[in-house]
Amino acid sequence: MTKLPSDAELAKIFHLGVASDAALAKQYKVSPQAVNKRFVKMGLRKKPFAVRVNELVKSIWDVQTSRSGPSHHNAYVVKNLKVYMRVRLGDTVSETQRREADWLIGRLLRDDTVIDYDPTTEDGWLYVPRQPSDERRIIRWPAGRELPEVDLQRAMELPSTDVEGIDNKG
């Protein structure tokens, strides 16, 4: 089995963006997972917005991810929540993803609700009535927990105007 090149060479390839993990895996006769694992070990991430949003969600809630029982990590609500936050951070998403995230925000605005998580419920994700303590956030922030960096706080906020591409019809 051929080994991957040095970290310096891999970093150069990564930053040039000339080859996918799958292409590199084929070239060096390793699995795509081996390529990705090496990039991660080197601190190189291809989807920095998605990684930051996923880490934030994990830091807020202990979302169930069981194969045998209830699993809430891949629910429609949280997928669209994450897409919306990625867009607010500056990420590019597909038109379909954008439309679904817009629908979610439209619903929150229309119903004056925020998203919360309760692992004891079947669906896990709940739309709960907005409270003054929610401020402009689209999620119910756990009491006593420190807020994240400013850009992530902004990513969790409702849009300020319709100019930001949100369809308020829900």
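Start by selecting Asn 80: setting aside neighbours within four places in sequence, Asn 80 is in contact with Glu 100, Ala 101 and Leu 104 (contact means heavy atoms within 4.5 Å). Before you go on, note that this is a predicted model, where local features need pLDDT of at least 70 and side-chain atom pairs count only at pLDDT 80 or more, while totals for chains, interfaces and linings use all residues. Residues are numbered from 1 along each chain as its sequence is written, and side-chain values use heavy atoms, leaving out hydrogens and water.

Asn 80 sits in helix 5 (helices are DSSP runs of H or I with at least four residues, strands are E runs of at least two, numbered from the N terminus). Is Asn 80 buried or exposed? With 3% relative accessibility, Asn 80 counts as buried (under 20% relative accessible area, with a 1.4 Å probe and protein chains only).

Next, select helix 4, residues 48-60. Color Ala 50, Val 53, Leu 56, Val 57 and Ile 60, the buried residues of helix 4. They cover an arc of only 130 degrees around the axis, so they lie on the same side of helix 4 (the arc is that of the directions from the helix axis to the C-beta atoms). Now show helix 5 (76-89) and helix 7 (150-155), which are among what covers these buried residues.

Last stop: Arg 137, in the loop between strand 2 (125-129) and helix 7. Arg 137 counts as buried, at 11% relative accessibility. Its side chain reaches the backbone oxygen of Ser 133 at 3.0 Å.

Conventions:
The expected span of a helix is 1.5 Å times one less than its number of residues. Buried means under 20% relative accessible area, exposed over 50%, partly exposed in between (1.4 Å probe, protein chains only). A polar contact is a pair of N or O atoms within 3.5 Å; within protein, one must be able to donate a hydrogen and the other to accept it, and residues adjacent in sequence count only if both atoms are side-chain atoms.
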